[in-house]
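I opened this model to look up how its parts are arranged and where they touch. My entries follow in the order in which I made them.

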Amino acid sequence: MTPFYHLESFLEETVLIYAPNELITYRDLIERSSDIEQNLEPRHVVFIFCQNSDSSLLGYLACLRKKSVAVLIPHQLDKTLLAGLLEAYKPSYLYFPSYRQDLNESGKELCKVGNYILLKTMYQTHYEVHPDIAILMTTSGSTGSPKLVKLSYLNLNENAKSISEYLNIKPNDRAISTMPMSYAYGLSIINSHLMVGASLVLTELSMVEHSFWEILKMCEVTNFGGVPYTYKLLKRLKFNKMNLPSIKYITQAGGKLGSELTREFVEVCNKKGVQFYTMYGQTEATARMSYLHPNFALAKVGSIGQAIPGGEFWLEDENRNKIRDPETIGELVYRGKNVCMGYTQRFEDLSQGDENGGVLRTGDFAKRSEDGFYEIMGRKNRFVKIYGHRINLDEVETIADQLGYECVCLGVDDVLKIYTTSKLKDQKIKGDLSRMMGIHHSAFEVIYIDSIPRSSSGKILYNKLNGITDSA
Amino acid sequence: MTNREKYDKVFMEIFSIEKTDLKDSLEYNSIMSWDSIGHMGLIAALEECFNISIDTDDVINFSSYKKGFEILAKYGVEL
């Protein structure tokens with residue numbers, strides 16, 4: 001299979017528009033990428049502070065082409081949280097937008113790429129990185145946990161190919177960015193479009209900005225993706241009244257949208273002649289594990305559909321036995337070439353090869369209908385999705401603890417509940433956590449409790465908190 | 001409370017900022033809390049505060065603290 005970053009296949013085709021205000025061909029990308037590649041060494045780790053821009057994309061492509069290992073991080077990651085990552089991986093290079101003055105003092109500038117700077121760090125630690133590892137992704141971009149997902153070259157190319165197949169992406173397709181490049185879903189849109197020689201509109205603009213829609217129309221964008229929050233936003237912006245003749249399909253993943261909203265959007269899309277794809281995945285599966293074909297969008301509202309081409313689902317009970325019967329809830333397990341190699345906590349782990357053998361226990365409970373459609377019923381572990389991002393509740397507790405607050409975290413999608421005994425103005429806790437994690441403070445709800453309920457062995461009793469709203 | 005005072009209060013609460021931050025340069029993306037999520041929170045709070053329903057075009061054009069004066073005037077809210 002030709003890798004999607006083998007740009008030589010498409011040379012004169014347009015790949016990027018409005019990045020910003022510039023038409024860039026695949027040939028341009030190759031030339032600009034080689035400028036960066038000259039400065040990189042294969043198998044060395046590069047921290048890329050991602051934005052949706054040509055410079056950021058170039059850094060990522062240059063790493064893939066040179067076989068350097070990129071760690072994709074949100075560009076605004078707080079310096080304190082970043083410190084843990086730096087200490088764990090001691091990367092040879094940093095690639096960041098120039099506004100991050102704080103990163104500039106830590107090494108020697110090698111070259112400038114648009115508004116990005118490639119820096120050689122002072123780290124001298126030499127370590128082995130397994131030849132299969134292509135990139136490292138965070139599982140929760142905003143808590144700065146050093147735990148990263150190891151994705152191989154095969155993972156990236158397989159998923160890009162599979163996605164381009166079931167979405168039927170053609171060279172004349174054009175996606176507009178709506179999510180960070182450091183987010184598996186956002187990245188998969190880029191990879192799958194490059195795979196077939198299609199084009200991208202990369203912008204940091206958001207849907208609430210007038211210019212976003214102007215550019216979408218001007219560039220004749222054919223598709224975009226979104227997490228549940230995106231669709232709540234789109235509803236508020238009256239998507240049903242918008243005139244977007246170039247849009248052929250839209251996709252939704254990053255959490256459950258809910259039957260009501262899904263049905264609304266499917267009906268609006270049907271009226272507009274736009275296809276709506278519900279999808280499901282995880283960073284641990286590169287991005288995508290399943291999709292619901294638009295033909296079934298209305299009939300199977302609430303379903304995540306079926307495994308992507310090349311993938312396979314099954315359900316297991318508590319004893320890890322395969323469940324044969326339909327309509328029976330079990331843990332969703334997936335097999336495919338897009339399943340990651342495993343996790344890494346520190347640079348020493350990078351010499352390790354594949355630990356998963358292509359099988360992923362998703363950590364989600366699901367059931368399968370008689371006719372083979374899957375539906376997610378709930379989550380196993382301690383995390384929630386806040387505006388599409390996976391947030392580990394235990395990690396939030398650790399961060400709060402470091403900030404000096406005693407608290408316990410619970411939550412549902414888009415709402416992080418902080419139960420705290422610290423008698424401070426709740427704006428302060430919200431503000432501190434919000435700033436550290438880069439998550440809008442509206443996602444936090446602070447509830448005061450007298451003490452943290454614990455069992456006799458000291459374990460936190462989370463279910464005792466569920467009923468409490470406040471103890472003034 | 002005057003309309004202006006109500007308007008200011010919404011901004012201060014939604015964005016966790018002080019009265020001194022309410023200047024002409026206060027616009028979308030100029031501060032961390034006025035991102036797309038903060039924006040939707042602002043719109044919802046203004047609608048509730050003044051009992052109005054803001055048009056999509058106005059939601060998208062509401063790009064700054066100052067611009068808001070113009071926009072709310074369309075809904076009969078004089079600031």
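I began with the two domains of chain A: the centres of domain 1 and domain 2, taken over C-alpha atoms, are separated by 27 Å. The assignment places domain 1 of chain A at 7-377 and domain 2 of chain A at 383-464; such bounds come from an automatic or database domain assignment. I note that this is a predicted model, in which local features need pLDDT of at least 70 and side-chain atom pairs count only at pLDDT 80 or more, while totals for chains, interfaces and linings use all residues. Residues are numbered from 1 along each chain as its sequence is written, and chains are lettered from A and ligands numbered from 1 in the order in which they are written.

Domain 1 of chain A gives 18 residues to it and domain 2 of chain A gives 16 residues. On the side of domain 1 of chain A, α3 (79-89) and α8 each supply at least two residues; helices (H or I, at least four residues) and strands (E, at least two) are DSSP runs, numbered from the N terminus. That side of domain 1 of chain A holds seven nonpolar, ten polar and one charged residue. Here Ala, Val, Leu, Ile, Met, Phe, Trp, Tyr, Cys and Pro count as nonpolar, Asp, Glu, Lys and Arg as charged, and the others, Gly among them, as polar.

Next I turned to the chain interface. I found 16 residues of chain A in contact with 14 residues of chain B. On the chain A side, α8 (228-236) and α11 (426-437) are the elements that give two or more residues. By class, this side of chain A has five nonpolar, seven polar and four charged residues.

I also examined a helix pair. Helix α5 (residues 153-166) of chain A packs on helix α6 (residues 184-195) of chain A at an angle of about 75 degrees, with their axes 8 Å apart. Axes are lines fitted to C-alpha atoms, for helices over the stretch in contact, and angles run from 0 to 180 degrees between N-to-C directions. The angle therefore makes α5(A) roughly perpendicular to α6(A), a label that covers 65 to 115 degrees. Among the residues that meet are L156(A) and I163(A) in α5(A), and S188(A) and M195(A) in α6(A).

Technical notes. Contact = placed C-beta atoms within 7 Å. Parallel < 35°, antiparallel > 145°, perpendicular 65-115°, else oblique.
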